Every structure is written in C-alpha cells, then in structure tokens.
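Colleague: Hi, could you walk me through this one? I'd like to go through it piece by piece.
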Amino acid sequence: FGRKAIMLSSTSSTQADVLKLAEEGESEGAVVFAEEQTGGRGRFGRKWFSPPGKGIWMSVLLRPELPLNHTPQLTLMTGVAVCRAIRAFTGAEAGIKWPNDLLINDRKICGILLESAVEDHEVRYCIAGIGVDVNFDLQDYPKDLQQIATSIQIETGQAIDRTGLAAAILTEMEHLYFLYQKEGFGVISTLWEALSVSLNRQVTVTNPQGVIEGTAVGLDYSGALVVETQDGARELIISGEVTWKS
Ligand code: BTN
C-alpha cells in the first residue's frame, strides 16, 4: 500500500479524493494524505476536526473480492492494523472500541470511516479513511472535544514523526489485508478481541433500532458485537454507537 501516494496541503476530504481516483480506475493501495481537511467527515455524518500539521488524515483505496456482508470484517481489520501500528511505532497503549475507534485512557485518538461502493450487491471498491490525532496539544481542541478526544503526543509526552507512523500504518494494513483475504476473519477476530477495550464491559449501544444495555462478550463470525442482556439473551450489534460508564 502507498506505492501510489498523493500528498495534499489542503483538501475538503481525502475520502472524496480517493473516490475520484477509484472511479478513474486507480489500483488498490493508492493513498491520499492531506495536511488539513476543510470538510473532514466522520461516521454518522459527523464532522471530523482536521486542522493542519497535527494529525494523519488519509484514505486508502481497497478493491477486495468480498461479498457485501463481509465489509464489517474489513472495518474491524482496519482498526486492528492501525492499532497495532500505533502501539509498535509509538509505544502508546491504544485499544479498540467497537467497531474501530481507537482510544487511549478512554479518550479517542483515531477514527476510521470505511465506505463502500456497491453495485448489484457486489462491492466495487472500499475507501478506508483514517484520522489519527498525533501531535495535538489539549488547547488545540475546541471545548466540546477536550473531554472526549486526546492525542498520542498528549498521552505519551512525546512528539511523534507523522510520516513514520503513516508508513507503519500502511505496512501493517497491507500485511493484515492479505492475511485476512488468505486466511479469513478468524485471525483478525482474535487480534481484535485482544486489543478491545469494549469487551467484558457493561455497555449501552445506541442505534436506529433503539438502545440495548448489557455486557459486550465478543464478536460473532461476521464481525458483529455480541451483547448479553440482563435476561441472558444475546443481541448481535451490526452498527451503532457503544458507550460505557468509566
Ligand atoms: C469517525 O470516527 O467518525 C471516523 C473519522 C474518520 C476521519 C478520516 S480523516 C481521513 C478521512 N477523510 C475524511 O473526511 N474522513 C476520514
């Protein structure tokens, strides 16, 4: 991954830039980085705060041969890859909140947005958008983010080489992506569970179907989160927001 890499000083969203490349027929592994995004996007239509010079804002083009219902697995694979790269490169003890937010000390340092282009129930391509808060100071955040976000620099006390970290992320992603396509989801699921900070916790899951409370006990074969409710029932969570009391 990253053999074709485009670096932009400012763009609206690297997701849109890679979408354009994908539609032009660019091959898998192409990456767009931006120093700053003026219209950075998060999950559930949220904005993603992407100021210049502090983070890694990048999108990677994937052309997996996957049935549509396997894209949640790819989402989890990306989270595992980024988490492992951050741990290895910076020593920060990042963990994964289902499906793929990365946290340190219960605050978010990285968000991942996996978007898929689908035609006739087939995946044409996917775009893995990765946003890592690398060298932010606390005062760089707007007030509303100061309670929930943090950066690798804040947590480790050290400025991190962003180029080196981005390269480490791409190397790990490429490795796990090919491992996943060869061996299936089992190995990814095991790695995910070992890095998870959601498991064995009392969680509240909010999604359009409603609110579910219970204990997060694991992943099923499709990548759904298994939540055991008080009456012993097991609910499969395919999408939604997971929260817990610290
Ligand atoms: C989330 O946690 O809601 C996902 C955030 C994803 C942010 C990244 S930054 C690079 C790429 N471009 C975007 O506009 N979004 C993703």
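Colleague: Which helices and strands each supply at least two residues of the shell around the ligand?
Modeller: Those are α1 (14-23), β3, β6 (107-119) and β7. Helices (H or I, at least four residues) and strands (E, at least two) are DSSP runs, numbered from the N terminus. This is a predicted model: local features need pLDDT of at least 70, side-chain atom pairs count only at pLDDT 80 or more, and totals for chains, interfaces and linings use all residues. Residues are numbered from 1 along each chain as its sequence is written.

Colleague: How many residues surround the ligand?
Modeller: There are 21, with S13, G42, G111, G129 and G131 the closest. A residue counts as near if its C-beta atom, placed from the backbone, lies within 6 Å of the molecule.

Colleague: And how does that shell divide into nonpolar, polar and charged?
Modeller: Eleven are polar, six nonpolar and four charged. Here Ala, Val, Leu, Ile, Met, Phe, Trp, Tyr, Cys and Pro count as nonpolar, Asp, Glu, Lys and Arg as charged, and the others, Gly among them, as polar.

Colleague: Switching to the sheet, what is the strand order?
Modeller: The open sheet has seven strands, ordered β1-β2-β3-β7-β6-β5-β4, with mixed pairing. Its edge strands, each pairing on one side only, are β1 (5-11) and β4 (95-97). Two strands pair if DSSP finds at least two bridges between them.

Colleague: In what sense do β2 and β3 pair?
Modeller: Antiparallel, over four bridges between residues 31-37 of β2 and residues 55-62 of β3. F33 has M58 of β3 as its bridge partner. Helix α5 (residues 162-183) packs on the sheet and touches β2, β3 and β7 (122-133).

Colleague: Why are α5 and α6 called oblique?
Modeller: Their axes cross at roughly 130 degrees and come within 8 Å, so α5 and α6 are oblique to each other. Axes are lines fitted to C-alpha atoms, for helices over the stretch in contact, and angles run from 0 to 180 degrees between N-to-C directions. Angles under 35 degrees count as roughly parallel, over 145 as roughly antiparallel, 65 to 115 as roughly perpendicular and the rest as oblique.

Colleague: Last topic: what are the domains?
Modeller: The domain assignment, automatic or from a database, gives domain 1 (5-195) and domain 2 (202-243). Ten residues of domain 1 are in contact with ten of domain 2, where contact requires C-beta atoms, placed from the backbone, within 7 Å. On the domain 1 side, α2 (71-90) and α6 each supply at least two residues.

Key
Two residues are in contact if their C-beta atoms, placed from the backbone, lie within 7 Å.
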